[in-house]
Amino acid sequence: MGMYDGPDFECEDKDVVSIWVAKCPAVQIPNNYFDENYGGEDDEPFNQFSTDFGFGFYDHDFVEPMALKGSAPLEKILDCSSYGKSFSNKATALSEIKNTEHVFLMYNFEYKAEVTSIHENKYYKFIGVFGYDRNA
């Protein structure tokens with residue numbers, strides 16, 4: 001079997017963030033959706049999220065789940081995230097979803113939907129990869 005050999009999108013040399021926006025209320029997302037599978041076989045996926053979007057292990061130290069109370073404007077949620085002021089306008093402009101309850105950000109991770117052919121599932125829609133400014 002061997003190690004999971006899905007695409008590797010981590011990139012330590014680029015200041016980029018990949019952003020997924022929830023398409024549904026947070027209560028509809030399973031509680032264990034992001035639970036990490038450390039104890040399984042090497043060929044088991046890391047968690048349901050990474051399985052759904054076609055990649056394996058990722059560094060949880062570089063992810064940031066963001067939510068405000070109830071549904072909120074996407075731009076407001078992104079502004080509250082790390083370096084958010086440097087990409088919130090651009091990300092919001094490209095997103096069809098303007099209000100949401102949850103956003104999942106992966107820093108120094110360049111997700112390529114053209115590689116996996118997966119842009120969305122029933123819970124999240126991938127809106128893109130954006131550069132960020134560490135001084136923002």
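Biologist: In β5, which residue is the bridge partner of Glu64?
Modeller: This is a predicted model, in which local features need pLDDT of at least 70, side-chain atom pairs count only at pLDDT 80 or more, and totals for chains, interfaces and linings use all residues. Residues are numbered from 1 along each chain as its sequence is written, and side-chain values use heavy atoms, with hydrogens and water left out. Strands here are DSSP runs of E with at least two residues, numbered from the N terminus, while helices are runs of H or I with at least four. Within β5, the residue that forms the bridge with Glu64 is Leu105.

Biologist: How many bridges join β2 to β5?
Modeller: Two strands count as paired if DSSP finds at least two bridges between them. Strand β5 covers residues 103–107 and runs antiparallel to β2, and Val63 stands opposite Met106 of β5. The number of bridges joining β2 to β5 is four.

Biologist: Which residue in β5 does Val17 stand opposite?
Modeller: Strand β1, residues 16–22, is also antiparallel to β5, and five bridges join the two. Across from Val17, the residue in β5 is Tyr107.

Biologist: Why is β5 largely enclosed by the rest of the structure?
Modeller: A residue is called buried under 20% relative accessible area, exposed over 50% and partly exposed in between, with a 1.4 Å probe and protein chains only. In a regular strand, the side chains alternate between the two faces of the sheet. From β5, Val103, Leu105 and Tyr107 point one way, whereas Phe104 and Met106 point the other way, and all are buried. Strand β5 is therefore largely enclosed, the buried residues being five of the five.

Biologist: What pattern does the protein chain follow when read along the sequence?
Modeller: The secondary structure of the protein chain comes to four helices and six strands. Read along the sequence, these elements follow the pattern β-α-β-β-α-α-β-β-α-β.
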